[in-house]
Amino acid sequence: MPDPRQRSKVMYPLDEVLLLCLLAVLASSETIVDIARFGEKKLALLRRFRPFLHGTPSHDHLGDIFASLDSKEFQRCFVAWVAALTGVPEGVIAVDGKTVRRSYQKKGGKDAIHMVSAFAARQRLVLGQVKVADKSNEIVAIPPAQDVGNRRGNCHH
């Protein structure tokens, strides 16, 4: 995954940030604040895998780092990494549309929310979700997902 930040200004290497986020999410972190808190509490554990010379980034730094990344490139690299770990080809992507339960409000005139999800079947991994217009279907959301899946590039596993 390319790191777009200026090398001379990087206190928190991208591989350390990604490791922090992966372990924190696996340990049930749901927000950037949770991830930052996990990093503070589990620094000794993290240092078993990487140096973390400057400790772990605050939630503000984490937000800035992720805002600088190309989300489509990150998604593509993450799927490639999972495929390499599992030994299963990236191949099969299931696309499914759902209406979010209880999102329709008759009283306030609020329409139901319709979502389309892309799921890497063999890796058992949700690749992304897109909100689509009312009465739309999966076909509307597929072209952007295909662009991500068809590109090949520089991902380091």
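Buried means under 20% relative accessible area. The exercises below use this term on a predicted model.

**Exercise 1.** Which residues of α1 are buried, and what covers them?

*Solution.* Step 1: locate the helix. α1 runs over residues 14–26 and has 13 residues. From its first C-alpha to its last it reaches 18 Å, close to the 18 Å expected at 1.5 Å a residue.
Step 1: apply the cut-off of under 20%. The buried residues of α1 are Leu14, Glu16, Val17, Leu19, Leu20, Cys21 and Ala24.
Step 2: look for the cover. α2 (32–41), α3 and α4 (59–68) are included in what covers these residues.

**Exercise 2.** How do the axes of α1 and α2 cross, and which residues meet?

*Solution.* Step 1: take the distance and the angle. The two axes, of α1 and α2, come within 9 Å and cross at roughly 100 degrees.
Step 1: classify the angle. Angles of 65 to 115 degrees count as roughly perpendicular; α1 and α2 are therefore roughly perpendicular to each other.
Step 2: list the contact. From α1 come Leu20, Cys21, Leu23, Ala24 and Val25, which meet Ile35, Phe38 and Gly39 of α2. The residues of this contact divide into seven nonpolar, one polar and no charged.

**Exercise 3.** Where does pLDDT stay under 50?

*Solution.* Step 1: start with the whole chain. Its mean pLDDT is 76, and 59% of the residues reach 70 or more.
Step 1: find the stretch. pLDDT stays under 50 over residues 145–153. Where pLDDT is low, predicted coordinates should not be read in detail.

Technical notes:
Residues are numbered from 1 along each chain as its sequence is written. This is a predicted model: local features need pLDDT of at least 70, side-chain atom pairs count only at pLDDT 80 or more; totals for chains, interfaces and linings use all residues. Side-chain values use heavy atoms; hydrogens and water are left out. pLDDT is the predictor's confidence in each residue, from 0 to 100. Contact means heavy atoms within 4.5 Å. Helices (H or I, at least four residues) and strands (E, at least two) are DSSP runs, numbered from the N terminus. The expected span of a helix is 1.5 Å times one less than its number of residues. Buried means under 20% relative accessible area, exposed over 50%, partly exposed in between (1.4 Å probe, protein chains only). Axes are lines fitted to C-alpha atoms, for helices over the stretch in contact, and angles run from 0 to 180 degrees between N-to-C directions. Angles under 35 degrees count as roughly parallel, over 145 as roughly antiparallel, 65 to 115 as roughly perpendicular and the rest as oblique. Ala, Val, Leu, Ile, Met, Phe, Trp, Tyr, Cys and Pro count as nonpolar, Asp, Glu, Lys and Arg as charged, and the others, Gly among them, as polar.
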